[in-house]
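Colleague: I would like to learn how to read side-chain contacts in a structure such as this one. Could we take the contacts one kind at a time?

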Amino acid sequence: MSSVRTGIDISPDAITAAQVRLNRSGWTLLHGVRMARRSGDGAVTPAEAVELESLLFRHGFKSAPCVINAPAEALKTTTMELPPATSGAPIDQLANAEFVQRTKLEPGTFELSYWGLPTPGPAVQVMAVGCEIAPTDEVIGALESAGLRVAGVDDPSRALGRVLAAAPTAATVRVGARLESWGVRIVVLHHSTLLYARTPAGLRLDGSQGDAEVGRRLATEIDACIAFARHRSRSHAPAAISVLGAGGEQAGIMDVLASRYQNAVAQPIDGNGQAVGGRFAAAIGLALLEDLA
């Protein structure tokens, strides 16, 4: 049995879509397309949605469930301590109450997801991500009015993590950096668990800095992320590094990272063992969302 999904990554400068086929052996990229945005950073407009739907049709995309990234302004992230599952405590209720206290969001205005982190000692620490409903529904409404069926919404950091997990490496710590003209998003995984996500200020691929300088600054950020993951896991775990987005296509940047990390630089692959194109990685990760509405 196989299924077809479409991931739609909405960033400040472009909307990128990837359609994949999932089966027991993994997934295969069927189609990919990128549409420059005219409206700039902000919610998707109805006109953009219509243009996107037409573009997908012309590029051979089949009608399929779509997964989008939650708008950046709709996401709130924190870490929390919760009782162990064996305690019998109402974990979901406690998680929602703690999240409200930490973020000051109104109860019922967000959807919450959380997962356990490697934790030394008896306490159970989790990473929690809340997605505000109102701004997310605005994006969903625009896309669905154009004929696209939105079946899921996900944190873009978790979407990148799914693609990183396919990198051909036995490393315990995986660091992925999506480098674009609007900035960089760095995610850190311990095995397949998302530990940390960071968006460093002032680091972007906009031509204001040379590739060598961008590569050096990115390496400094990656070093800090690896150190954090090793501290969290209480081990000197081996690390693998992947650069996604437009930055992965810049030879000058990749030369700096290859010199610094050598064989630790790993490119994700699909179910057929083919390398994943960096520009479509975020959209592919969205399409791989496990549970759809």
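Colleague: How many aromatic pairs does a search of the whole structure find?

Modeller: Please keep in mind that this is a predicted model. The search of the whole structure finds 2 aromatic pairs.

Colleague: Which parts of the chain does the pair of Phe-99 and Phe-110 link?

Modeller: Phe-99 belongs to helix 2 (residues 91-103) and Phe-110 to strand 6 (residues 110-116), and the two are 11 residues apart. Phe-99 is buried, with a relative accessibility of 0%, and Phe-110 is buried as well, at 7%.

Colleague: How are the rings of Tyr-196 and Phe-228 arranged?

Modeller: Their centres lie 4.8 Å apart with the planes at 35 degrees, so this pair is tilted too. Tyr-196 lies in strand 11 (residues 193-198) and Phe-228 in helix 5 (residues 211-233), so the pair ties together parts that are 32 residues apart in sequence. Tyr-196 is partly exposed, with a relative accessible area of 26%, and Phe-228 is partly exposed at 31%.

Colleague: Which residue lies over the face of Trp-115?

Modeller: That residue is Arg-158, which is placed 4.1 Å from the ring centre.

Colleague: Turning to charged pairs, how many salt bridges does the count come to?

Modeller: The count comes to 12 salt bridges, and one of them joins the side chains of Arg-162 and Asp-154 at 2.8 Å, N to O. Arg-162 is buried, with a relative accessible area of 14%, and Asp-154 is buried at 7%. Asp-154 is also the bridge partner of Asn-69 in strand 8, a strand that pairs with strand 4 (residues 66-69) in the parallel sense over 4 bridges. In strand 8 (residues 150-154), 4 of the 5 residues are buried, so the strand is largely enclosed by the rest of the structure.

Colleague: Why does the salt bridge of Glu-221 with Arg-198 tie together parts that are apart in sequence?

Modeller: The closest N and O atoms of Glu-221 and Arg-198 are 2.9 Å apart. Glu-221 lies in helix 5 and Arg-198 in strand 11, so the pair ties together parts that are 23 residues apart in sequence. Glu-221 is buried at 16% relative accessible area, whereas Arg-198 is partly exposed at 31%.

Colleague: Which residues do salt bridges that share partners join into one network?

Modeller: The network consists of Asp-9, Arg-178 and Glu-180.

Note on methods
Residues are numbered from 1 along each chain as its sequence is written. This is a predicted model: local features need pLDDT of at least 70, side-chain atom pairs count only at pLDDT 80 or more; totals for chains, interfaces and linings use all residues. Side-chain values use heavy atoms; hydrogens and water are left out. Rings of Phe, Tyr and Trp (its six-membered ring) pair if their centres lie within 6.5 Å; planes under 30 degrees apart count as stacked, over 60 as edge-to-face and the rest as tilted. Buried means under 20% relative accessible area, exposed over 50%, partly exposed in between (1.4 Å probe, protein chains only). A charge sits over a ring if NZ of Lys or CZ of Arg is within 6 Å of the ring centre and within 35 degrees of the ring normal. Two strands pair if DSSP finds at least two bridges between them. A salt bridge is a side-chain nitrogen of Lys or Arg within 4 Å of a carboxyl oxygen of Asp or Glu.
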